[in-house]
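Good morning, colleagues. Please have the model open as I speak.

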Amino acid sequence: QQEYQCCLEREFCRGRAGACSDPSMGEQLRQRLRQEPAVLEALQEDGPAMVARGLQGHQDLGLALLGLAGAFQQLEMAAVNLYLFPWRKEFCTVQTFSGAYVHLLRPALPEEDLLRSFGRLGYERCDQHCLSVSQRLPGPELVAAACGFFACRLECEILAEVLLRLQPHRPCAEELLEARRLAGDVEACVEMLKKLRMQCEAATDCSDDVDLYQGEMLDSPEDMGGKDTAPGKDPSSLWGSEGSEGGMFGQELMSSVGNPNLDTTSSYVFQEQELGASRSPQVPGEPQDWPPASPEEAMKLPCYQLHSCLHQGVLPSYCCTTCHQLHASACTAGHVCRSQHLGQELRSEQQQRLWLQRTEVDMLLAD
């Protein structure tokens, strides 16, 4: 924590402020975490539990880890802002309807975890749409919180590295986290999961009831490093529009909010994911596989629409064939459709883009 604090202050004196991006600091902590996962709990007591809850219910753990890394970077940024700029009033308020909160924090972590994390920084809920600092915390407490969120971000990238080395197979979240906890070292963790996979394949020959691994082959490099949960090109900040007009530091802070790729020293895992995979054959059942239809048959095809949850740059993850709408993974209406309607999960990025294109054409034709 002391080294982290020195890193923040050194960058601040150089005219740069924000989440930690020092290569030596990031690599030093990353190596400690790779060998001793217990370091995470030492720096952030509820860190392992938050990561586990953030991955719960996600089929594509790569995308979930990318979203979690971005969320922890947001929380780290909030702590750093309060530490470096205690006089800035705009950082004393967090708008829960802002783009960063709605599109980065809420899809990645449960609301209880978000309120608890902001509570560590001195924020309390004022009303349904606002969190405000009720008491200013001492600098060391803010640095400790920021360092803990930084460690959580690095842990997400280490887990993504483990997944990358297991391709084309992907364990479920429980298996991944349990192996990480028991094995400790990353190399031992990878070997443990590989042995589990081999045991699974051997058991499958005798019984169809054993299924340690779920999911399909990755269809594109973006399947784990895609941007479904990433913000648009111009995301709103947590602190509203005031923070973007507060001089050099304010502009630099706001431009980095919600963009995990700006920290090139701590996002190499996701970049490697984007470079390493190749596309697999087209998945049967996608829109372009349908046989040619006559004009009469084409008129009978349902007209699909994009639900309001699909903002620019977000790919759909579910297609409801009952209400003829596409939904994002974190959409509440989409979860209702999954439980009450007929539809299909869009697992690969190729399939998601094809459905997105088909629906956009449907909407243009309807207009």
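Two strands are taken to pair if DSSP finds at least two bridges between them. Please bear in mind that this is a predicted model.

With that criterion, four strands form an open sheet in the order 4-6-5-7, and the pairing is mixed. Strand 4, residues 305-306, and strand 7, residues 343-345, are the edge strands, each pairing on one side only. Strand 4 runs in the parallel sense with strand 6, residues 325-327, and two bridges join this pair. Within it, Gln 305 stands opposite Gln 325 of strand 6.

What packs on the sheet?

I turn next to a helix pair. Two packed helices are described by the angle between their axes and the distance between the axes. For helix 5, residues 61-84, and helix 6, residues 99-108, the packing angle is about 120° and the axes are 8 Å apart. Helix 5 is therefore oblique to helix 6. The crossing of helix 5 past helix 6 is left-handed. From helix 5, Gly 67, Leu 68, Ala 71, Gln 74 and Leu 75 meet Ala 100, Leu 104, Leu 105 and Ala 108 of helix 6.

Finally, consider Gln 352, which belongs to helix 16, residues 349-366. Is Gln 352 buried or exposed? With a relative accessible area of 5%, Gln 352 is buried. A polar atom of its side chain lies 2.9 Å from the backbone oxygen of Leu 346.

Conventions. Residues are numbered from 1 along each chain as its sequence is written. This is a predicted model: local features need pLDDT of at least 70, side-chain atom pairs count only at pLDDT 80 or more; totals for chains, interfaces and linings use all residues. Side-chain values use heavy atoms; hydrogens and water are left out. Buried means under 20% relative accessible area, exposed over 50%, partly exposed in between (1.4 Å probe, protein chains only). A polar contact is a pair of N or O atoms within 3.5 Å; within protein, one must be able to donate a hydrogen and the other to accept it, and residues adjacent in sequence count only if both atoms are side-chain atoms. Axes are lines fitted to C-alpha atoms, for helices over the stretch in contact, and angles run from 0 to 180 degrees between N-to-C directions. Angles under 35 degrees count as roughly parallel, over 145 as roughly antiparallel, 65 to 115 as roughly perpendicular and the rest as oblique. A crossing is left-handed if the near helix is turned anticlockwise from the far one by less than a right angle, and right-handed if clockwise. Contact means heavy atoms within 4.5 Å.
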